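Q: Could you walk me through the side-chain contacts in this one? I'd like the cut-offs as we go.

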Amino acid sequence: MTSTHLPFGHPAWIEIDLKQFKKNIKAIQNHVGHAKICLAIKANAYGHGLIPIAREAVKAGVHCLAVASLQEGALLREAGIKIPVLVFGAIHDEQISGLLNYDLEFSISSRLKAELVKKKCEALQKKCRVHLEIDTGMQRTGVRLSSALDLLNDLVQMKCFDIAGVYSHLATADNPDNEFAHHQIKSFQKFIREEVKSKDKNIICHIANSSGISYYPESHMDMVRPGILAYGYFPTQHNEKLKDIAPIFSVKAKIVYFKVVSKGQGIGYSHTYKTQEDSRILTIPVGYGDGYRRGLSNKGEVLIRGKRYPIVGNICMDQLMVNIGQDEAYVGEEVTLIGKQEHEEIKLTEVAKLCDTITYEILCGFNNRLPRMYIDDGQVFFEDKRH
Ligand SMILES: *Cc1c(COP(=O)(O)O)cnc(C)c1O
């Protein structure tokens, strides 16, 4: 890829492998059998770019998309996405008419909110599709299991509601054999069997996030809600049954500067690194302002010519420095910060560990400053230049 392909010729970018993304969706579908897929696409599709990923997911045949807020749902509708979109979490009074007008599905987890929605539906003469959210142990949003039946009955009574689904969320399923996760799944299933399916078999019941999909087959039910797994990462342990899952996110750049620094010189802000010998120091145009974490200062590595080299000194807002010792590399050569190069790979999991966090947080941290380059079987395009 030459820089002339890049918007404004920017010498750093995020690369997204859409072909592998489709493989990931297929692998999940094969693994969950008849269950539908609701792809979690919140937070800019975990940093992968909301609209391109939404379009690809539609093509891959997912049943619906899930976002965290009205704002994210509206972006999908304005981009022409027609499939069901579910907004997770509690709804805010001031957002109800927006949710209705954008034709979004949303969660109901209290009688009070149900009444507010009903009023709005009457005023706008609209019906809406909702999912009853039950809290089986996350202690976040959702009606308690002990009040869930009353609320379900209320919703059935209120004619404005089309009950599309009933769902819950797993708190501890990232641990592959966790007693509490088993308990959550069992108590949710009991409620579904006894109180939901007996009323209406078509209500979609769902509890599995990526952890549920990967480690708890009994959690798959009518629909699964993958997020991180669809982007190529296991929440914790690898599962052989999903061996086709692979990451689709890379961060790459070009060397923009080269200098020889003599022994004993401090590098960058606060001089947190000093050269141990005469060294060749490269400047790479990626920094914490792009989402490449400053915590990787003097810890992270990059790939050049298929070899690992250390980041030296504090990472700046827009740039970072790399020490290649006495090795050779020229301005304009490609550097991989996350992803594969030749036979070497810097995994996101490794980067997350160095930053003392999870893959999710590193991915979401990449903002819109680095352009996203989408590659689909050799075809290349950018976020803002397709369709
Ligand atoms: C974000 C989210 C998911 C997806 O979580 P992953 O761990 O990325 O699979 C599923 N369900 C709910 C309610 C969520 O908020």
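A: To start with the burial terms, buried means under 20% relative accessible area, exposed means over 50%, and partly exposed lies in between, with a 1.4 Å probe and protein chains only. This is a predicted model, in which local features need pLDDT of at least 70 and side-chain atom pairs count only at pLDDT 80 or more, while totals for chains, interfaces and linings use all residues. Residues are numbered from 1 along each chain as its sequence is written, and side-chain values use heavy atoms, with hydrogens and water left out.

Q: OK, how many salt bridges are there?
A: The count comes to 22 salt bridges, each being a side-chain nitrogen of Lys or Arg within 4 Å of a carboxyl oxygen of Asp or Glu.

Q: Where do Arg 111 and Glu 115 lie?
A: Both lie in helix α6 (residues 111–124), four residues apart, which is about one turn of the helix; helices (H or I, at least four residues) and strands (E, at least two) are DSSP runs numbered from the N terminus.

Q: Switching to rings, how many aromatic pairs does the structure hold?
A: It holds six aromatic pairs, where rings of Phe, Tyr and Trp (its six-membered ring) pair if their centres lie within 6.5 Å, and planes under 30 degrees apart count as stacked, over 60 as edge-to-face and the rest as tilted. One of them is the tilted pair of Phe 249 and Phe 366, 5.4 Å centre to centre with 55° between the planes. Phe 249 is buried, with a relative accessible area of 3%, and Phe 366 is buried as well, at 2%.

Q: Which residues are closest to the ligand?
A: Of the 13 residues that surround the ligand, the closest are Lys 42, Tyr 46, Ser 210, Ile 228 and Tyr 360, a residue being near if one of its heavy atoms lies within 4 Å. Tyr 46 and Tyr 360 also belong to one aromatic cluster with Phe 21 and Tyr 231.
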